[in-house]
Amino acid sequence: MAIGQQGAGGRIHVQRAAAVATVLLDHPGRMNAITVSMWRELAQAFAALSADADLRCIVVRGAGGHFAAGADIREFPQVRFDPEGAQAYHRQTIAPALQAIARCPHPVLAVIEGVCVGGGLEIASVCDLRLAANDARFGAPINRLGFPMAPDEMRGLLALAGRAVTLEILLEGRVFDAQEALSKGLLTRIVEVAELESEQAATVARLCAGAPQAARWNKHMATRLGAGKPPLTDAELQACFAYASGPDHQEGVRAFLEGRPPVFKGE
Amino acid sequence: MAIGQQGAGGRIHVQRAAAVATVLLDHPGRMNAITVSMWRELAQAFAALSADADLRCIVVRGAGGHFAAGADIREFPQVRFDPEGAQAYHRQTIAPALQAIARCPHPVLAVIEGVCVGGGLEIASVCDLRLAANDARFGAPINRLGFPMAPDEMRGLLALAGRAVTLEILLEGRVFDAQEALSKGLLTRIVEVAELESEQAATVARLCAGAPQAARWNKHMATRLGAGKPPLTDAELQACFAYASGPDHQEGVRAFLEGRPPVFKGE
Amino acid sequence: MAIGQQGAGGRIHVQRAAAVATVLLDHPGRMNAITVSMWRELAQAFAALSADADLRCIVVRGAGGHFAAGADIREFPQVRFDPEGAQAYHRQTIAPALQAIARCPHPVLAVIEGVCVGGGLEIASVCDLRLAANDARFGAPINRLGFPMAPDEMRGLLALAGRAVTLEILLEGRVFDAQEALSKGLLTRIVEVAELESEQAATVARLCAGAPQAARWNKHMATRLGAGKPPLTDAELQACFAYASGPDHQEGVRAFLEGRPPVFKGE
C-alpha cells in the first residue's frame with residue numbers, strides 16, 4: 001500500500017505482514033528528506049494504523065540506508081519564509097504527523113540506520129523504542145539554518161532525553177554517532193549494522209508476544225501519569241482493572257502456571 | 001522480629017542493629033515471590049520503621065540469593081481474576097506497600113542479587129538507592145501474563161527511569177542484566193558479587209554518617225519539588241531553614257572548620 | 001572588568017572577547033570557595049550579561065585549576081547560624097545568583113576542572129552545557145555539615161539529573177570522579193586535561209556558529225515546555241514563528257541551499 005501522491009519525489013509506504021505494519025520513509029537520492037506531502041502521508045498512515053485493532057506492532061524505517069535527513073529544506077523558501085507559512089508548516093503539517101505517531105496505541109519501533117537528523121530525529125523521538133545500527137548519525141543542526149525547533153517538535157525530544165540533552169543538541173548543532181546517542185538516552189539499543197535485521201525481527205517478536213491490550217494500557221498509562229497531569233479519577237482507576245475478567249489476562253496467568261506459552265486473542 | 005503470620009509460606013523479617021534496620025523479603029524456594037500477606041507485612045514494617053526517629057537507614061534485601069521474583073502468581077486465580085479482586089489486590093495491597101516505602105523519611109537502600117523482576121523491581125524502584133550484584137537480573141515480563149502494570153506500580157518506575165525505559169521494559173518484557181539496568185538508570189551502582197556485602201556496609205556507613213534530619217529534609221524536598229507540584233509557600237520555605245539554630249547543623253559546620261568528624265544527635 | 005569589592009578575598013571576574021564573555025570564579029588559595037560577596041557579584045555579572053544582546057556565549061570557569069569548592073563555609077558561623085541568617089543567605093544571596101544564570105538568554109557553558117562540589121556543582125547545574133576535564137571531582141557532601149540542600153539550589157540538580165541521582169548525591173555525600181558524573185547525566189562531556197582548552201574553544205565556536213535568536217528561543221522554549229507548565233497560548237505559538245520573515249532565518253536557509261556558511265546578524 002502506498003499513500004497519497006508522489007509529492008515532491010518522496011513518499012510514505014505502508015506494508016503489512018500479519019499483525020505487523022512497516023511505515024517506510026522513502027525519498028530517493030535525498031536521504032529521505034521529508035516533504036510537506038510526506039508529513040501529511042505520515043499523519044494519514046498513522047491515523048489508519050491506530051484504528052486497526054488487529055495490529056500488534058508498527059516499525060518505522062527509512063529506505064535506502066538512511067532513516068531521514070529531516071524536513072526537506074528545498075521547500076522552505078516556497079512554503080515557510082513568512083510567519084504564516086512557518087506556522088502552517090509546523091503547526092498544521094509537522095505537529096499532526098508527530099502527534100499521530102505519539103498517540104498511536106500500538107507499540108511503535110523506529111529502526112535507524114544512516115542519517116537520523118532534524119525531523120528524522122523528531123520522528124524517532126516519538127516512537128516507543130529506537131533500535132539503531134552503530135554507524136547511524138544523529139543531531140538537529142538547525143541553529144545554522146537560523147531558526148529554533150518548533151515547540152510541538154521539541155516536546156518529543158524533551159520527553160525522551162530531558163532539557164540538558166535537548167539544549168546541547170540544539171545549541172551546539174553537532175551531528176554525533178550512535179554510541180553517543182545511546183549514552184544520551186536517545187536510543188533503546190544499538191547493534192552492528194550486520195545485525196540490524198535480526199535484531200529488528202527479535203524486537204518485533206518480543207513486542208508481538210505480549211497481550212495487545214496490555215501494551216495499549218501501558219502506553220496510555222505512561223502518558224497519563226506524566227508529570228503535571230491531574231490525579232487519576234476513581235473511574236479511571238476502575239477502568240484500569242476491567243481486564244481482569246478478560247480472556248487474555250486469564251490465558252496469560254494460566255499459561256504461566258502451566259509452563260506453556262500463552263495464546264492471546266487481543267481481547 | 002518477624003511480622004505477621006506465615007502467610008502462604010513467605011514472610012517479611014525486620015532486623016535492627018543500632019540505627020540500621022534490615023527488611024528481608026523471604027519466601028523460600030520461590031525466589032521470594034511476594035504473597036498478599038507479604039505485601040501487607042511490608043506495609044506494616046515500613047509504617048513502624050518510618051515512625052522510629054532513631055533510625056538512620058533501612059536496607060531492603062531478599063533472602064537466599066534473590067531480591068524478589070515479583071508478586072506470587074500462584075495466588076492470582078484465587079484473588080484477582082475479576083475486576084474487583086484485581087482492584088483490591090493492586091490498590092489495597094500492593095499500592096500501600098510501595099507507598100509506605102516511598103514515603104519513608106529515612107534513607108532506604110535496596111541491595112539486589114539474583115532475580116529482581118516485576119513486583120521486586122517495583123519495590124527496588126521506590127527505594128532511594130539501589131546497589132546490585134553484577135549477576136542480578138531485571139525486568140517486568142508481565143506482557144506475557146496478559147495484563148498491564150497497575151498505575152500506582154508504574155509511577156515508581158516512571159519516576160526512576162522515565163517514560164522510554166518504562167515502556168521498553170513493559171512492551172518488550174525482556175529480562176536483562178545488571179550492566180544494562182545501570183545504563184538505563186535503574187541502579188545506583190553495581191559491584192562484583194563478592195563485594196556486595198562490603199559495598200553494602202560502606203554505603204550504609206555513608207548514609208549513617210550524615211545528619212539524620214538533613215537526610216529527611218532532602219528526601220522530603222526532592223519529592224516536594226517534583227515537576228507539576230505547586231510552588232513552595234513562604235511558610236514552607238521558612239520551615240526549610242529552621243535547622244539553622246539546631247545542634248546538628250552547628251556541630252556539622254564547627255566540626256568541618258575544626259577538621260574533625262561531626263557527631264550528630266539527630267536533632 | 002572586575003565586579004564589586006574584594007569581598008572576603010574572593011572575586012568574580014568578567015572578561016569579554018568579541019561575542020564571548022568569560023565569568024571567572026576566583027578565590028585564591030581557597031579552591032574558589034564562594035563568599036557572600038562573590039554570590040552577589042555573580043548575580044550582578046549575569047544580570048549585565050543577560051542584557052547584552054550582542055553576546056553569543058558565556059563561559060563560566062574557576063581560576064587556578066578548580067571550578068569551585070562550594071559556598072565558603074568559614075562565613076557560616078557569622079552569617080547563617082540562625083533561621084533568619086540561613087534564609088537570607090540561601091534565599092536572598094545564593095538563589096538569585098543561580099536564578100540569574102538559569103534565566104540567562106545566552107548559551108552558558110561551564111568548563112570544569114579540579115573540584116566542583118556543593119555550590120560549585122549548583123552553579124554548574126544551572127548552566128546549559130558542562131564540559132569537564134577527566135580529573136575533575138564532583139559531589140555535595142553537605143550531609144556531614146548537618147544541613148539539607150536549600151530548595152532553590154536543589155531545583156537545578158533535580159532538573160539536570162533527576163530525583164534518584166540528586167538523592168544519592170545528598171544522602172551519601174560521596175565525592176566522585178568525572179566519568180561517574182558523566183554517567184549520572186551531570187555532564188555534557190569529558191575530555192583529557194590536556195584537551196580542555198581546545199575542546200572549550202571548539203564548543204564555544206559551535207555555540208557561536210548558530211543564529212543567536214534561535215539559541216535564545218530554544219532556551220526559552222525548553223523551559224516553557226517543562227513538565228507541569230500550562231499549555232502554550234495561541235499568542236505564544238504565533239510569537240514562536242515570527243522569526244520566519246527575519247534576516248537570520250532566511251540567511252540560514254539560503255546559505256544551506258547555496259552550500260556556503262551562513263552569516264548571522266543576530267536579528
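1. Let's start with a term: a residue counts as buried if 20 or more other C-beta atoms lie within 10 Å of its own, exposed if 12 or fewer, and partly exposed in between, with C-beta atoms placed from the backbone. In helix 7 of chain B, the buried ones are Leu196(B), Thr203(B), Val204(B), Arg206(B) and Leu207(B). Seen down the helix axis, these residues fall within an arc of 160° (taken from the directions from the axis to the C-beta atoms), so they line one face of helix 7 of chain B.

2. Some housekeeping. This is a predicted model, where local features need pLDDT of at least 70, side-chain atom pairs count only at pLDDT 80 or more, and totals for chains, interfaces and linings use all residues. Residues are numbered from 1 along each chain as its sequence is written, while chains are lettered from A and ligands numbered from 1 in the order in which they are written. Helices (H or I, at least four residues) and strands (E, at least two) are DSSP runs, numbered from the N terminus.

3. Back to helix 7 of chain B, residues 196–209: from first C-alpha to last it reaches 20 Å, close to the 20 Å expected at 1.5 Å a residue (that is, 1.5 Å times one less than the number of residues). Turned away from the buried side are the exposed Glu197(B), Ser198(B), Ala201(B) and Ala205(B).

4. What covers those buried residues? Several strands of chain B take part, among them strand 3 (20–26) and strand 4 (57–62), and so does helix 5 (151–172) of chain C. Contact here puts two C-beta atoms, placed from the backbone, within 7 Å.

5. Now look at helix 3 (residues 83–102) and helix 5 (residues 151–172) of chain B, whose axes come within 9 Å and cross at roughly 30°. The axes are lines fitted to C-alpha atoms over the stretch in contact, with angles from 0 to 180 degrees between N-to-C directions. The two helices of chain B are therefore roughly parallel (angles under 35 degrees). Helix 3 of chain B brings residues including His90(B) and Leu98(B), and helix 5 of chain B brings Asp152(B), Glu153(B) and Gly156(B).

6. Chain B also touches chain A, with 38 residues from chain B and 41 residues from chain A. Helix 5 of chain B gives the largest share of chain B's side, 12 residues.

7. Over in chain C, the buried residues of helix 7 are Leu196(C), Thr203(C), Val204(C), Arg206(C) and Leu207(C). Their cover includes helix 5 (151–172) of chain A.

Definitions and conventions
Angles under 35 degrees count as roughly parallel, over 145 as roughly antiparallel, 65 to 115 as roughly perpendicular and the rest as oblique.
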